[in-house]
Amino acid sequence: GSVIIMDPFNGDIVSMVGGVNYDLSNFNRVNQAYRQPGSSIKPFIYAQALETKKFLPNTLILDSNILLDQGNNLPVWVPKNYSNKSYGQLTFRRALETSNNLVTLKIGLDLGLKSVNEFLDKIHFYNRSHTDEVYSSLLGAVENNLLNLTKSYAIFLNGGYIVEPSIIKKVVSNQGELIIN
């Protein structure tokens, strides 16, 4: 496991735990472990939808099955909600509150995979450009690390500004003189 506590307004890392024992493993799970973010990507897709003014919190979207063609020699993908149920008409807000997969996919498809990727690049959601136009990326199937995810979530708290995480506040010489502040 890993934990990072970061000031969302300036990027100062207050605490970071990337493992249990550095002597046994110096692998830092905060910035070296890449995992699928899953549903934690959804607020960013909804944020882009609001930014484009294509959707409002009270916009109704049908939560229903969809079939997605994945290309030659690949099966048709029939995504499901976690509950394996569909809930009919949902407001944009309710779909976000309930982390609804099908509505998120419909919103992402309406925005366009290319547009979603451009938005995620704009906010530096991934630490590299992500250009794969894969449906499952709308549900968090592209790997990311905890540091990047934390940095991205800071945007929601600080009014839309991107902050760069910083662990070093100052550098002092062995004489006690301030070198960098």
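Guide: Terms first. A polar contact is a pair of N or O atoms within 3.5 Å; within protein, one must be able to donate a hydrogen and the other to accept it, and residues adjacent in sequence count only if both atoms are side-chain atoms. This is a predicted model: local features need pLDDT of at least 70, side-chain atom pairs count only at pLDDT 80 or more, and totals for chains, interfaces and linings use all residues. Numbering runs from 1 along each chain as its sequence is written, and side-chain values use heavy atoms, with hydrogens and water left out.

Visitor: Which side chain makes a polar contact with the side chain of Asn144?

Guide: That of Asn148, at 3.4 Å. A polar atom of the Asn144 side chain also lies 2.8 Å from the backbone oxygen of Phe125.

Visitor: Is Asn144 buried or exposed?

Guide: Buried, with a relative accessible area of 4%. The classes are buried under 20%, exposed over 50% and partly exposed in between (1.4 Å probe, protein chains only).

Visitor: Where is Asn144 found, and what does Asn144 touch?

Guide: Asn144 is in the loop between helix 4 (113-122) and helix 5. Helices (H or I, at least four residues) and strands (E, at least two) are DSSP runs, numbered from the N terminus. Leaving out residues up to four places away in sequence, Asn144 touches Ala33, Tyr34, Arg35, Pro37, Phe125, Tyr126 and Leu149. Contact there means heavy atoms within 4.5 Å.

Visitor: Switching to charges. How many salt bridges does the structure hold?

Guide: Seven. The criterion is a side-chain nitrogen of Lys or Arg within 4 Å of a carboxyl oxygen of Asp or Glu.

Visitor: Which residue does Asp110 meet in a salt bridge?

Guide: Lys54, at 3.9 Å, N to O. Asp110 sits in helix 3 (residues 101-111) and Lys54 in the loop between helix 1 (42-51) and strand 3 (60-63), so the pair ties together parts 56 residues apart in sequence. Asp110 is partly exposed at 41% relative accessibility, and Lys54 is partly exposed at 47%.

Visitor: What about Glu164? Which residue is its partner in a salt bridge?

Guide: Lys151, with the closest N and O atoms 3.9 Å apart. Glu164 lies in the loop between helix 5 (146-157) and strand 5 (171-172), and Lys151 in helix 5, so this pair links parts 13 residues apart in sequence. Lys151 is buried, at 8% relative accessible area.

Visitor: Which residues are linked in a network of salt bridges?

Guide: Arg93, Arg94 and Glu97. Glu97 and Arg94 have their closest N and O atoms 3.3 Å apart. They are three residues apart in helix 2 (residues 92-97), about one helical turn.
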